[in-house]
Amino acid sequence: MASAVELLLAAAPLLIAGVLLVGFLWPATRAMPIAWISAAVIGFAVWGMPADWVAAASINGVITALTILWIVFGALLLLYTLQEAGAFDRINQGFAAVSDDRRVQIVLLGFFLATFIEGAAGFGTPAAVVAPLLLALGFPALAAVIAAIIGHIIAVTYGAVGTPIIIGIENPLSIYEEAITAGGYASVTEFSNQVAAWAATYHALVGFLMPFIAVLMVVYFFGDDEDGALGPALEVAPLCLFAGISFVIPYWVSAWYITAEFPSLIGSMVGGAITVGVLRAGYLLPDSHWDFPPRSEWKDHWVGTIEPGSSNGGRTATDGGTQQMSLAKAWVPYILVVVLLVITRAVDPISAAIGNPDYGVEIGSFTVGIVLGWSNILGTEISNSIAWMSVPGFWLIVPALLSIPIFGMSGTQVKSAFSETASKLVSPFIALIFVIAMVQVMLQSAVAPSDIEVGMIQALAQATANALGPAYPFVAALIGALGAAMAGSNTVSNITFGGFQFEAAQQLGLPTQLIVGAQAVGGAIGNLVAIHNVVAALATVGLVGQEGRVMRLNLLPLIYYSTGVGILAMLFCYVLFPGLF
């Protein structure tokens with residue numbers, strides 16, 4: 001058992017990151033390098049890690065960060081390409097044209113469109129894209145941000161085509177491969193898929209109410225005080241429940257029977273199509289029409305420097321060129337994404353080939369080709385690689401490039417899409433490299449040759465498990481939420497605390513996939529109050545400075561979600577599924 005001083009030092013990198021990010025509101029680009037330095041110094045001086053292991057662990061983190069950035073690049077390039085082509089505005093119009101009732105628009109855009117964008121792009125993109133769309137429809141800026149952030153939370157665990165699971169869970173847990181295979185799993189990948197499936201179960205049982213909660217929040221805080229909130233919200237409760245269930249059924253089935261890349265994409269596409277079809281057929285539409293109070297009655301903090309109903313990104317919701325594009329054509333690139341990902345993951349000859357290191361050329365410790373790898377980094381036992389054609393980023397870039405001839409885009413539009421994508425990658429590049437390098441140093445402290453057998457993450461997990469005891473499942477999701485709130489990313493939260501949660505579950509004899517699954521859900525919940533995401537969303541509607549107000553309001557759905565998942569985790573671990581690994 002680690003001493004109190006060792007525990008404090010083991011926690012120091014995480015505490016430093018938390019204080020700088022939350023306490024001093026430093027950007028992650030400044031805070032995480034300092035946190036990494038502290039982890040490296042503590043690993044070397046206190047845990048006795050050799051300098052080459054500290055360096056190799058950090059390089060391992062850089063390789064993982066590059067894998068994530070490859071996915072982010074593809075996701076953002078596709079998004080900005082479709083925005084430049086006007087296809088994204090056409091998709092927005094397709095949703096908005098169903099009804100001009102604000103409650104219905106929250107369900108269709110704030111929930112279905114936001115969850116779809118999360119599944120395709122992730123990394124804070126949904127709120128930053130959907131909020132200005134709602135603003136252009138006439139929503140108060142603050143209401144648009146609240147609706148967009150709340151609406152997409154259920155999709156975050158599988159955002160950017162499954163990145164929080166594929167990179168955030170599978171990659172760091174590879175260090176526990178021996179324990180995982182001893183528990184009956186063929187590989188860490190199989191275990192990660194089980195984590196994704198259980199996370200979807202938590203989400204489905206709690207998150208199906210999120211369309212209703214998003215509507216309730218907007219109606220209550222931005223409606224006419226004389227009307228109250230419960231009545232207008234309850235009037236669309238059947239629609240909200242139908243929408244939530246239409247989403248979570250294909251979402252849950254995808255997580256259990258396909259892979260972690262698809263739940264958010266399939267849930268939003270199938271559920272959205274069903275819900276739109278039902279509404280167009282005249283069912284579930286509210287009897288009365290609900291709108292915001294007259295503009296003259298809006299409170300000052302509801303609006304910023306951009307007026308509701310104004311243009312979005314240089315285009316308006318009535319842009320003639322966009323209106324001429326068919327809705328089916330606008331959806332073609334995203335349909336291609338789903339088709340390509342299914343083919344490259346479900347068809348064995350293809351999926352095996354694009355991720356096979358044998359198709360590369362070995363040059364010493366390096367593999368160059370379809371897989372770029374480095375074995376025994378700096379002479380250590382640490383290895384890592386990037387299967388750049390297997391990673392979803394490649395199959396997001398292909399439809400982005402095909403969109404150029406599909407939509408007849410000009411050179412200026414293409415250049416703008418690439419420029420916008422490149423500009424958005426700078427901050428994540430710096431932050432991800434250092435946060436993942438920090439976590440890798442902490443993880444590798446358990447296996448690096450030294451006199452201390454228990455690693456930094458192990459020591460913290462054991463101490464937390466001992467302190468909380470049987471109540472640990474109830475707070476597992478909150479730990480994940482804390483990580484996401486600090487770092488602004490479900491993926492980073494999973495990388496930071498996935499091993500921690502695994503260790504704690506083993507220490508307490510709890511089903512590891514249930515506890516790590518709660519972590520994956522918690523990482524999504526934390527996005528409700530993640531300062532980075534809130535700032536990005538507010539900036540798109542000209543309302544920078546209202547971060548505290550948004551975070552306070554979003555504490556309400558956060559409490560609901562984390563409490564619901566905590567109760568389910570206790571029930572699953574001790575009553576329904578106590579015999580799982």
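Guide: Start with helix α7, residues 141–151: 11 of its 11 residues are buried, so this helix is largely enclosed by the rest of the structure. Buried means under 20% relative accessible area, exposed means over 50%, and partly exposed lies in between, with a 1.4 Å probe and protein chains only. Helices (H or I, at least four residues) and strands (E, at least two) are DSSP runs, numbered from the N terminus. The buried residues of α7 are A141, L142, A143, A144, V145, I146, A147, A148, I149, I150 and G151.

The model is a predicted one, in which local features need pLDDT of at least 70 and side-chain atom pairs count only at pLDDT 80 or more, while totals for chains, interfaces and linings use all residues. Residues are numbered from 1 along each chain as its sequence is written, and side-chain values use heavy atoms, with hydrogens and water left out.

Now the chain as a whole. Its secondary structure comes to 25 helices and four strands. The radius of gyration, taken over C-alpha atoms, is 23 Å, close to the 25 Å that the globule rule (2.2 Å times the number of residues to the power 0.38) gives for 581 residues, so the chain is as compact as a globular protein of that length. Along the principal axes, the C-alpha atoms fill a box of roughly 70 × 50 × 45 Å. Of the 581 residues, 59% are buried. Contact means heavy atoms within 4.5 Å. Among contacts between residues at least 6 apart in sequence, 78% join residues at least 24 apart.

Next come two pairs of helices. Two packed helices are described by the angle between their axes and the distance between the axes. Axes are lines fitted to C-alpha atoms, for helices over the stretch in contact, and angles run from 0 to 180 degrees between N-to-C directions. Angles under 35 degrees count as roughly parallel, over 145 as roughly antiparallel, 65 to 115 as roughly perpendicular, and the rest as oblique.

The crossing of α11 past α25 is right-handed; a crossing is left-handed if the near helix is turned anticlockwise from the far one by less than a right angle, and right-handed if clockwise. On the α11 side, M210, I213, M217 and F221 meet L553, L556, P557, Y560 and Y561 of α25. By class, the residues of this contact are nine nonpolar, no polar and no charged. Here Ala, Val, Leu, Ile, Met, Phe, Trp, Tyr, Cys and Pro count as nonpolar, Asp, Glu, Lys and Arg as charged, and the others, Gly among them, as polar.

In the second pair, helix α19 (residues 411–444) packs with α22 at an angle of about 15°, their axes 9 Å apart. That makes α19 roughly parallel to α22. The crossing is left-handed. L432, V435, I436 and V439 of α19 make the contact with V492, I495 and T496 of α22. The classes here are six nonpolar, one polar and no charged residues.

Helix α22, residues 490–508, also holds Q501. Q501 is buried, at 0% relative accessible area. Leaving out residues up to four places away in sequence, Q501 touches Y472, A476, I479, G480, I515, V516 and Q519. S403, in helix α18 (residues 392–406), is buried with a relative accessible area of 0%. With the four-place limit again applied, S403 touches L78, T81, L82, P333, G408 and M409.

A160 is not a glycine, yet has a positive phi of about 50°. A160 is placed in helix α8, residues 159–170, and is buried, at 0% relative accessible area. L284 has a positive phi near 65°, again in a residue other than glycine. L284 lies in the loop between α14 (263–280) and α15 (320–324), and is partly exposed at 31%.

Last, the strands. W374 is found in strand β3, residues 371–374. Apart from neighbours within four places in sequence, W374 is in contact with I59, I63, S365, F366, I382, S383 and N384. G379 lies in the loop between β3 and β4 (384–387), and counts as exposed at 69% relative accessibility.
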